[in-house]
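Visitor: I have not looked at this one before. Can you walk me through a few parts of it?

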Amino acid sequence: AMLFGKQNDYYLTDISIEPRVGEFKTFDFSELGLNETLRRAVSEATHFMEQGKYSSCIDRVHTALHGYIRAKLNELEIPFEESDMLPKLFNLLYRQWESLDNNEMDDMILKALRSASSLFDIINIARNRYSLAHPNENIIGEEEARLILGLVCNIINYMENRKFRTERNY
């Protein structure tokens, strides 16, 4: 078959090769949308993810995450200060696992959540020092932002699927 020349009633004289825009990975943060403000933050983050702009999501996901964890603490009647930062709030929340039977599986998950608490410190730092939430000169890279967002999404999904116990074992 001939590539150039006359093909039926048409003449093919040139080929244009342009990069094809692929679909970007989006993380489902819908469970963070517990009120209108949080739903708006999640919606904006999703819009940016669809365009591959993960660095623009950090501040929106931080806002939604902060509100979500506060709501969960209120639901479980766990006191906190309004000034408490995200890492401290997450530490208050994940400690609900300490009330479990302390079998090997519970201990393993508690250890993993203790490690994960440093992620909440990192998203806090990324938002404050490396996002457009403040007039920062250095902005987090897209792949680094995508990594942080993916890890946060997995932790939230686990917490939602696992459900915290509201009663304590004494």
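Predicted model: local features only at pLDDT ≥ 70, side-chain atom pairs only at ≥ 80, totals over all residues.

Visitor: How many aromatic pairs does the structure hold?

Guide: Three. Rings of Phe, Tyr and Trp (its six-membered ring) pair if their centres lie within 6.5 Å; planes under 30 degrees apart count as stacked, over 60 as edge-to-face and the rest as tilted. Phe90 and Tyr94 make a tilted pair, at 5.5 Å centre to centre and 45 degrees between the planes.

Visitor: Where do Phe90 and Tyr94 lie?

Guide: Both are in helix 3 (residues 86-94), four residues apart, which is about one turn of the helix. Helices here are DSSP runs (H or I, at least four residues), numbered from the N terminus.

Visitor: And how are Phe90 and Phe120 arranged as a pair?

Guide: They are stacked, 4.0 Å centre to centre with 15 degrees between the planes. This pair links distant parts of the chain, since Phe90 is in helix 3 and Phe120 is in helix 4 (residues 104-130), 30 residues apart. Ring pairs join Phe90, Tyr94 and Phe120 into a cluster.

Visitor: Is Phe90 buried or exposed?

Guide: Phe90 is buried, because its relative accessible area is 0%. Buried means under 20% relative accessible area, exposed over 50% and partly exposed in between, with a 1.4 Å probe and protein chains only. Phe120 is also buried, with a relative accessible area of 0%.

Visitor: Let's switch to helix 4. What do its buried residues pack against?

Guide: They pack against helix 2, helix 3 and helix 5 (142-162). Among the buried residues of helix 4 are Leu113, Phe120, Ile123 and Asn124.

Visitor: Which residue caps the N-terminal end of helix 4?

Guide: Asn103 does, with a side-chain oxygen 3.0 Å from the backbone nitrogen of Met105.

Visitor: Last topic, His62. Which residues is His62 in contact with?

Guide: Leaving aside neighbours within four places in sequence, His62 is in contact with Leu86, Ile123, Asn124 and Arg127. Contact means heavy atoms within 4.5 Å. His62 sits in helix 2 (residues 58-75).

Visitor: Why does His62 count as buried?

Guide: Because the relative accessible area of His62 is 5%.

Key:
Residues numbered from 1 in each chain as written. Heavy atoms only, no water. Helix = DSSP H or I, 4+ residues; strand = E, 2+ residues; numbered from the N terminus. Polar contact = N/O pair within 3.5 Å; in protein donor to acceptor, adjacent residues only side chain to side chain.
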